[in-house]
Amino acid sequence: KLTGQKLDVPEVTQSEEGQKQKLEVVLAAANRVLGRYPPYKWSVESIHSKDILPILHLLVSLARQYRAPVRLPERVAVQVVIVRKKDGQLIHRTVREEITSTYDDLGMRCERDAFDALFDSEHDKLVIVKKSLVTFVNKHLSKVHLEVTDLDTQFHDGVFLTLLLGLLEGFFVPLGSFHLTPKSHDQKVHNVSFAFDLMQDVGLPKPKARPEDIVNLDLKSTLRVLYNLFTKYKGIN
């Protein structure tokens, strides 16, 4: 549901082997979306056996990736007791395992701005802002016969964002530098990351949003990025 992709797994599996096979497919998809590489902090065996530590690591990673509307407590850690047998004796040692870091690291703490207020209560003004931004982007994208009708979705793959920046700055963006018809989540993240790099190259501040926020259709993040462009380039014809 988070990625909008359908996984080829049975909905109900009763056998242990079937459950593990299903879990393997789900975790492989999660690792791709999260951009994780071995060694992972979770596994099919640990999740299936209901090991709370890897389950927490996985849930926190997903919450960070998709900006879940929850405020996680900072610097949560657990003491893990590791027991191993050596020379016929059980040897215990305790290690500290960090589950969450600071909110800055989790992408969940930032100063409130005008867009927070718009989304909280000023919905009429939000509609006006969105219409103004649509007018602004179409004024320039129309030069290459493109049109935006829905800010909520049409910038999430980074294509329009990259082309818009090239039009605003008056340079041609080599088509080999980004994916013109991105298919995968990774290709979309690459496109948005590339657009963010271009913004910094032309002197714009680094966006507060992560590329994943734009790809994941976080409208507030998208509007913040577009408004920064509007603020700098609104006088350009």
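**A few spots in the model**

Analyst: Keep in mind that this is a predicted model.
User: Where is aspartate 87 found?
Analyst: In the loop between β1 (77-86) and β2 (89-98).
User: OK, what about leucine 217, what is its phi?
Analyst: Leucine 217 isn't a glycine either, and its phi is positive, about 65°. That residue sits in the loop between α9 (211-215) and α10 (219-233). Leucine 217 counts as partly exposed because its relative accessibility is 44%.
User: Switching topic: how many residues does helix α1 have?
Analyst: Helix α1 (residues 16-34) has 19 residues. From first C-alpha to last, α1 reaches 26 Å, close to the expected 27 Å.
User: Which residues of α1 are buried?
Analyst: Among them are Leu23, Leu27, Ala30 and Val33. What covers the buried residues of α1 includes α2 (44-48), α3 (52-65) and α8 (185-201).
User: What follows α1?
Analyst: Glycine 35, with a positive phi near 70°.
User: Last one: which feature does UniProt place at residues 127-234?
Analyst: The unreviewed UniProt entry places "domain: Calponin-homology (CH)" there. In the model, residues 127-234 are 58% helix and 0% strand, and the end C-alpha atoms lie 19 Å apart.

Note on methods: Residues numbered from 1 in each chain as written. Predicted model: local features only at pLDDT ≥ 70, side-chain atom pairs only at ≥ 80, totals over all residues. Heavy atoms only, no water. Helix = DSSP H or I, 4+ residues; strand = E, 2+ residues; numbered from the N terminus. Buried < 20%, exposed > 50% of the residue type's maximum accessible area, 1.4 Å probe, protein only. UniProt positions renumbered as here; feature names shortened; annotations may be inferred. Expected span 1.5 Å × (residues − 1). Contact = heavy atoms within 4.5 Å.
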